[in-house]
Structure formats: C-alpha cells, structure tokens
Amino acid sequence: PTTDGRVALQRRQLSLLSLVVSDRLRVEVREKLGAAYSPQAGNQADDVFPGLGFTVVQAFGAPGTETKLVESCLGVTDSLAKDGVTAEELERQREPVLAKVRDQLRDNTFWREVADNCQARPQVLDELRALESDYRGITTEQLSALAKTYFPRERASLIVVKPAAAPK
C-alpha cells in the first residue's frame, strides 16, 4: 500500500519510483535470475478515496520458480527501502517521462481529456501547469524517502497464482 493521488506531485513521485522498481526488476529478475521475461511495477493512486493507493510488482514465471521469483522481487523493494534510489536510476527514468510529457502536450486527445476532467476537477489545470517542473524537480532523496516509507517487506501483500495440477 502507498497513498492516494490527490496531491499531484506525490502522485508523480510514486509513478517515477515505480519506473525505478521496474528497471531494477528487469535487471534482477530477468537478466540475473532469468526467472521472468517481463517483470514490472506500477503505481495506482486513487483520487477519490483518501489514502487509497498501491504499488504493484508482478512477474510471471514457470511453475516451481515461485519462491525464487518472490524473493527476487522482494529483494528489489528491500534494497530500495534500505539504500534508496541512485541519481543514475532517477535520470534514466526521468528523461523518457519528460519526452512523453512533451509529446502529450502536442496531442489533441490529451487536451480533450484535460478539458473533460477540468469540469469535475478544476485543479487539473494547475496540476498540468506544474507537470514538467514537478518531474524535473523530483530528487533521489524524495524517492528514497517514499521507498523507505512504503517498501519495507512487512508492508507487502503477496499473491502467487499457480496453475491447477494436471489430472492423473
């Protein structure tokens, strides 16, 4: 569990942190362990219910590798909670996000969605004005503090889905 998305900057920080988690999962789970092809993380931050949000880590592996896979994924979040985010990791994730922001600002579909949302949430326009500067201003210290708060192992909820046993 993390927190809601009512504060745009914090929502953006959690989103960027989940990209760092995804990148570490790629290295640890896919490249080093070879246990899953496309492990990933994502953050969901509710803007209706106060306090409701979560970061999801998912990886699909072969039956029988569950324990190694779970431990490897938890190892990624453990290391972020303990040691934090590096400057190199932050910059590697920030640049594609900024490129996406620049692309969105040139897209009519994006602006139509903004116009639709600003009727129900007038603060959307102010949040949009700060979009690029928010992402540029995010620091390793901020992301590391979020990881320390939200990624301790005892906060994790685990779900392991296994195929049904084949009939004999």
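Me: What share of the contacts in the protein with a separation of 6 or more comes from residues 24 or more positions apart?

Reply: They account for 72% of those contacts, a contact being heavy atoms within 4.5 Å. This is a predicted model, where local features need pLDDT of at least 70 and side-chain atom pairs 80 or more, while totals for chains, interfaces and linings use all residues. Residues are numbered from 1 along each chain as its sequence is written, and side-chain values use heavy atoms, without hydrogens and water.

Me: How many helices and strands does the protein have?

Reply: Seven helices and two strands (DSSP runs numbered from the N terminus: H or I of at least four residues, E of at least two). Along the sequence they read α-β-β-α-α-α-α-α-α.

Me: Which residues of H2 are buried?

Reply: In an α-helix, residues three or four places apart point the same way. In H2 (residues 66-83), the buried ones include Leu 69, Cys 73, Val 76 and Leu 80 (under 20% relative accessible area, 1.4 Å probe, protein chains only). The buried residues of H2 pack against helix H1 (8-32), strand S2 (53-58) and helix H7 (140-150). After H2 comes Gly 84, with a positive phi near 80 degrees.

Me: What covers the buried residues of H3?

Reply: The cover includes H1, helix H6 (131-137) and H7. Among the buried residues of H3 are Leu 90, Arg 94, Val 97 and Val 101.

Me: Why does the length of H3 agree with expectation?

Reply: Because its 18 residues (87-104) should span 26 Å at 1.5 Å a residue, and its end C-alpha atoms lie 25 Å apart. The expected span is 1.5 Å times one less than the number of residues. H2 also has 18 residues and reaches 25 Å, close to the expected 26 Å.

Conventions: Buried < 20%, exposed > 50% of the residue type's maximum accessible area, 1.4 Å probe, protein only.
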